[in-house]
Amino acid sequence: GPGRLTRRRASDEDAQLNEAIQRSLADAPPSPPAPPTPEAPVDQWRTEGSDLLGLELSRTENDGGASVRAVVVSWLPADESDFLDADGRPAALYKIRYLDGDLAGDHQDLEAYEVEESTDAPDAPARSRFKYVYPPKSSRGSWTTCIKVNNISTTAGCHRTQEDAARAIDALLLHHGKRAVNFPGEEEATRAAFPDIG
């Protein structure tokens with residue numbers, strides 16, 4: 001019937017159209033390659049020229065998370081970086097790679113002071129052995145203290161060693177009629193070491 005004839009005629013027309021397209025493509029000169037699109041300049045991170053390269057760091061995952069290791073893998077000098085510090089001056093950036101924890105393999109860009117604050121220093125262990133005593137933020141910093149006494153956050157000061165900071169916490173607790181938590185049984189020595197605390 002007429003339906004078949006129409007279908008055949010349509011498929012014949014499709015075939016003729018496809019042949020015409022193929023012939024015109026074969027006869028056409030090749031199109032010139034597209035001009036290269038200008039790319040934004042890519043920062044060239046350096047792997048030499050800084051004393052901080054290769055330095056192993058101790059960082060904290062998220063806020064108050066576990067301590068994880070990282071290493072400085074590359075850097076951008078201040079004159080090549082588009083980063084401005086808090087004072088609006090160009091600053092160098094240091095790329096670190098996390099070595100363990102949930103962030104293992106991830107990279108982060110830090111300023112020099114952030115790298116230095118994350119350096120493992122022999123006199124600044126990552127955690128204190130004592131309660132309510134917190135490590136220095138830099139190798140030259142002090143051990144800090146913070147405790148709630150009678151529902152009020154208070155400090156027993158900053159101290160050169162974690163032992164002094166721990167004893168200061170105990171002296172503060174004893175002053176408020178509480179038990180010593182860091183050097184139990186050494187109350188006399190604690191009171192003698194910090195007679196004015198409270």
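This is a predicted model: local features need pLDDT of at least 70, side-chain atom pairs count only at pLDDT 80 or more; totals for chains, interfaces and linings use all residues.
The structure contains 2 aromatic pairs. One of them is formed by Trp-75 and Tyr-94, whose rings are stacked, with 5.8 Å from centre to centre and 10 degrees between the planes. This pair links distant parts of the chain. Trp-75 belongs to strand E2 (residues 67–76) and Tyr-94 to strand E3 (residues 93–98), and the two are 19 residues apart. Both Trp-75 and Tyr-94 are buried.

Phe-130 and Phe-183 also form an aromatic pair, and this one is tilted: the centres are 5.2 Å apart and the planes make 40 degrees. Phe-130 is buried, as is Phe-183.

Phe-183 also has a charged neighbour: Arg-167 lies over the face of its ring, 4.1 Å from the ring centre. Another charge is found at Trp-45, where the charged end of Lys-95 sits over the ring at 4.3 Å from its centre.

The last topic is the cysteines. A disulfide is a covalent bond between the sulfur atoms of two cysteines. With sulfur atoms required to be within 2.5 Å, the count is 0 disulfides. Cys-146 has a relative accessible area of 36% and is partly exposed. Cys-158 counts as exposed, at 53% relative accessibility.

Conventions: Residues are numbered from 1 along each chain as its sequence is written. Side-chain values use heavy atoms; hydrogens and water are left out. Rings of Phe, Tyr and Trp (its six-membered ring) pair if their centres lie within 6.5 Å; planes under 30 degrees apart count as stacked, over 60 as edge-to-face and the rest as tilted. Helices (H or I, at least four residues) and strands (E, at least two) are DSSP runs, numbered from the N terminus. Buried means under 20% relative accessible area, exposed over 50%, partly exposed in between (1.4 Å probe, protein chains only). A charge sits over a ring if NZ of Lys or CZ of Arg is within 6 Å of the ring centre and within 35 degrees of the ring normal.
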